[in-house]
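Biologist: Could you take me through the ring pairs and the helix packing here, giving the cut-offs as you go?

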Amino acid sequence: MIKHTGGPAFPVTIDIGQGVEFYKGMTLRDYFAAKAMATLLGSEYTSAHGLHEGWPKALAHEAYLVADAMLKARGE
């Protein structure tokens with residue numbers, strides 16, 4: 001299954017004189033997830049869920065759930 005990524009977050013086109021090169025960078029989904037993760041870490045998430053074994057994976061999962069919701073909201 002391919003997730004909708006929202007496309008590149010910070011696309012850059014560079015002309016090096018021998019043609020144009022395009023650098024996609026991170027996806028918008030990854031950017032949204034990173035922002036959500038920072039917010040979750042700074043919130044009561046760690047207090048409510050505790051820092052147990054596997055918490056980084058759970059936190060990443062939550063961050064991507066938020067990112068997916070943000071991408072869906074953009075399309076509506």
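This is a predicted model: local features need pLDDT of at least 70, side-chain atom pairs count only at pLDDT 80 or more; totals for chains, interfaces and linings use all residues.

Modeller: Residues are numbered from 1 along each chain as its sequence is written, and side-chain values use heavy atoms, with hydrogens and water left out.

Biologist: Which kind of aromatic pair do Phe10 and Tyr31 form?

Modeller: Rings of Phe, Tyr and Trp (its six-membered ring) pair if their centres lie within 6.5 Å, and planes under 30 degrees apart count as stacked, over 60 as edge-to-face and the rest as tilted. The centres of Phe10 and Tyr31 are 5.1 Å apart with 90° between the planes, so the pair is edge-to-face.

Biologist: Is Phe32 buried or exposed?

Modeller: Tyr31 also pairs with Phe32, in a tilted arrangement at 6.4 Å centre to centre and 45° between the planes. Buried means under 20% relative accessible area, exposed over 50% and partly exposed in between (1.4 Å probe, protein chains only). Because the relative accessible area of Phe32 is 13%, Phe32 is buried.

Biologist: How are α1 and α3 oriented to each other?

Modeller: Helices (H or I, at least four residues) are DSSP runs, numbered from the N terminus, and the axes, lines fitted to C-alpha atoms over the stretch in contact, with angles from 0 to 180 degrees between N-to-C directions, cross at roughly 125° for α1 and α3. Angles under 35 degrees count as roughly parallel, over 145 as roughly antiparallel, 65 to 115 as roughly perpendicular and the rest as oblique. The two helices, α1 and α3, are therefore oblique.
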